[in-house]
Amino acid sequence: MASAAQAGLLKQQEELERKAAELDRKERELQNSAAGFDTKQNNWPPLPKICPIKPCFYQDFSAEIPADYQHVCKMMYYLWMFHSVTLLLNFLACLAVFTVEPTTTGSDFGLSILWLVLFTPCAFLCWYRPVYKAFRSDSSFSFFVFFFIFFCQIIAHIVQAVGIPNWGSSGWIFAFSATQNLAVKIIMVVVAMFFTTCAVLSLFLLKRVHSLYRRTGASFQRAQEEFSQGILSNRNFQTAASGAASAATQNAFQGN
């Protein structure tokens, strides 16, 4: 009888020791995972470590974008790069025509510099990042921001492809009217083809994004709700609202 009781106690002790060891193992795993946890570090633009300017954004298609949207999101990124290269080529074309026709093409050369410096980062911030965020978090508000700005971008591509003189874009009209120099004319025609390609690709990708947007369940009402929640959760807005309420309360007491 005593031996049976002793055997039962030993079995219970072994069970308790086994559970204690299991809990200890799980605790060590949690500690190791917490110690090895690495917050997302900004990785774009991919600058060398010796550069004093650090990356400003985090971008990882495989980690942040759902598999169904990764291809279109990457295509939008490649479109932004193609857009930036086109603006650089446009600057070089306007520089070339300025060297042979300096009296009549100075404004085009100056505006081409402005378009390159201004529209390259603005395109990244104003329509590429919104569509990236929209696919990443299924944000209706980001989708609507993208659609509005990207539609304006398509209009700009069409205008640049047309090439109105004195507007700083080496489009079709400007390419055939600015100079009789054959080499420069060829360069300008190539840039006009790049602008035309930008416009066509933009229209195609706008349609693709819109078809995916309709599948996500996004809506204008959701966009309004996200915008309202974003404003209400903004710390500066909360501080301003609190200050306004305090001032109104003080004025009310002083008036009494």
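This is a short walk through one predicted model, from its overall fold to a few individual residues.

I'll start with the overall layout. The protein chain has nine helices and zero strands. Read from the N terminus, the order of elements is α-α-α-α-α-α-α-α-α. Of the 256 residues, 31% count as buried.

Next, the record. UniProt, in an unreviewed entry, places the feature "transmembrane region" at residues 77–98, 110–128, 140–162 and 182–206. I looked at two of those stretches in the model. Residues 77–98 are 100% helix and 0% strand, with 32 Å between the end C-alpha atoms. Residues 140–162 are also 100% helix and 0% strand, and there the end C-alpha atoms lie 33 Å apart.

Now to packing. How do α3 and α4 sit relative to each other? Helix α3 covers residues 67–100 and helix α4 covers residues 106–137. Their axes are 8 Å apart and meet at an angle of about 175°. Angles over 145 degrees count as roughly antiparallel, so that is the label for this pair. Sorted by class, the contact between α3 and α4 holds 25 nonpolar, six polar and one charged residues.

The largest nonpolar core has 28 residues. Those with the most contacts inside it are Met76, Trp127, Tyr128, Phe135, Phe146, Phe150 and Val209. Two or more residues each come from α3, α4, α5, which is 140–162, and α7, which is 182–216. Which helix gives the largest share? That is α4, with eight residues.

Thr86 lies in helix α3 and is buried, at a relative accessible area of 1%. Its C-alpha is 8.3 Å from that of Cys198, although Thr86 and Cys198 are 112 residues apart in sequence. The other residue is Phe61, in helix α2, residues 61–64. Phe61 counts as buried, at 13% relative accessibility. Phe61 and Tyr132 are 71 residues apart along the chain, and their C-alpha atoms are separated by 8.9 Å.

Cys122 is partly exposed, with a relative accessible area of 30%. Cys126 is in no disulfide either, and it is partly exposed at 31%.

Last, some backbone details in the loops. The peptide bond joining Trp44 and Pro45 is cis, with omega at about 0°. Pro45 sits in the loop between α1, residues 2–35, and α2.

Asp138 has a phi of about 55°. Asp138 is found in the loop between α4 and α5, and it is partly exposed, with a relative accessible area of 28%. Asn166 has a phi of about 70° and is likewise not a glycine. Asn166 lies in the loop between α5 and α6, the latter being 172–177. At 43% relative accessibility, Asn166 counts as partly exposed.

Terms used
Residues are numbered from 1 along each chain as its sequence is written. This is a predicted model: local features need pLDDT of at least 70, side-chain atom pairs count only at pLDDT 80 or more; totals for chains, interfaces and linings use all residues. Side-chain values use heavy atoms; hydrogens and water are left out. Axes are lines fitted to C-alpha atoms, for helices over the stretch in contact, and angles run from 0 to 180 degrees between N-to-C directions. Helices (H or I, at least four residues) and strands (E, at least two) are DSSP runs, numbered from the N terminus. Angles under 35 degrees count as roughly parallel, over 145 as roughly antiparallel, 65 to 115 as roughly perpendicular and the rest as oblique. Ala, Val, Leu, Ile, Met, Phe, Trp, Tyr, Cys and Pro count as nonpolar, Asp, Glu, Lys and Arg as charged, and the others, Gly among them, as polar. UniProt positions are given in the numbering used here, feature names are shortened, and annotations may be inferred rather than shown by experiment. Buried means under 20% relative accessible area, exposed over 50%, partly exposed in between (1.4 Å probe, protein chains only). A disulfide is a pair of cysteine sulfur atoms within 2.5 Å. A nonpolar core is a set of buried Ala, Val, Leu, Ile, Met, Phe, Trp, Tyr and Cys residues joined through side-chain atoms within 4.5 Å.
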